[in-house]
Every structure is written in C-alpha cells, then in structure tokens.
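Dear colleague,

Please find below the structure that I am handing over to you. My notes on it follow directly after.

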Amino acid sequence: GDAVACAKAGQKLPDGYYNAGDMVKMVGGEVGLCGTCMTARGIEDGELVAGATRKTLNDLAAWTAEADKVLVF
C-alpha cells in the first residue's frame, strides 16, 4: 500500500537518508505500482519517477507467469 510513495518524484530528504525514488530508478527496467494503492493515496501517474508505472493485478499475474525470478520489496 504505502510503498507506492517510494516512486513519487521530487522527494527531498535530509543528508544521510536514502531516497526511495532513487532506489526505484536503480532497479532499471520497469517498476509496476498498484493502481488502486496509488489512487487511495492521491498519487497521479505524472508524479512518478521515470520507469515506474501504474499497473493492475492482471499485469502482476502476467509478469509473474513470464518471469524467471520475481523481486518484491
């Protein structure tokens, strides 16, 4: 649920704290975010870091079926 905020662009944190948006960028490829969770938290598609996109449970199921390995955090 709240993990969708990790992909919100423009995060500004004090020195010494990790920036979750930067971590999403480092994953590379595409990062899928729960569309329902985004809507519940008022996060719009245009507020996301590059590479992060709104997805559905159908997308998750398809990715899982196609993947050799699945990374979840």
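Lys8 and Glu47 form a salt bridge in this predicted model, and their closest N and O atoms are 3.4 Å apart. Lys8 belongs to the segment before helix H1 (20-27), while Glu47 sits in the loop between helix H2 (35-40) and strand S2 (52-55), so the pair ties together parts that are 39 residues apart in sequence. Lys8 is partly exposed, at 32% relative accessibility. Glu47 is also classed as partly exposed, with a value of 25%.

The structure holds 2 salt bridges. Besides the pair described above, Asp45 and Arg54 meet through their side chains, with 2.7 Å from N to O. Asp45 has a relative accessible area of 45%, which makes the residue partly exposed. Arg54 counts as partly exposed as well, at 29% relative accessibility. As a general point, side chains of opposite charge can pair when their charged atoms come close.

In S2, Arg54 stands opposite Leu33. Leu33 is part of strand S1 (residues 31-34), where Val31 and Leu33 make up the covered face, whereas Gly32 and Cys34 make up the uncovered one. How do S1 and S2 pair, and over how many bridges? The two strands run in the parallel sense, and their pairing extends over 4 bridges. Together with H2, strands S1 and S2 make a right-handed β-α-β unit.

With kind regards

How values were computed: Residues are numbered from 1 along each chain as its sequence is written. This is a predicted model: local features need pLDDT of at least 70, side-chain atom pairs count only at pLDDT 80 or more; totals for chains, interfaces and linings use all residues. Side-chain values use heavy atoms; hydrogens and water are left out. A salt bridge is a side-chain nitrogen of Lys or Arg within 4 Å of a carboxyl oxygen of Asp or Glu. Buried means under 20% relative accessible area, exposed over 50%, partly exposed in between (1.4 Å probe, protein chains only). Two strands pair if DSSP finds at least two bridges between them. A crossover is right-handed if, with the strands pointing away from the viewer, the path from the first strand over the helix to the second runs clockwise.
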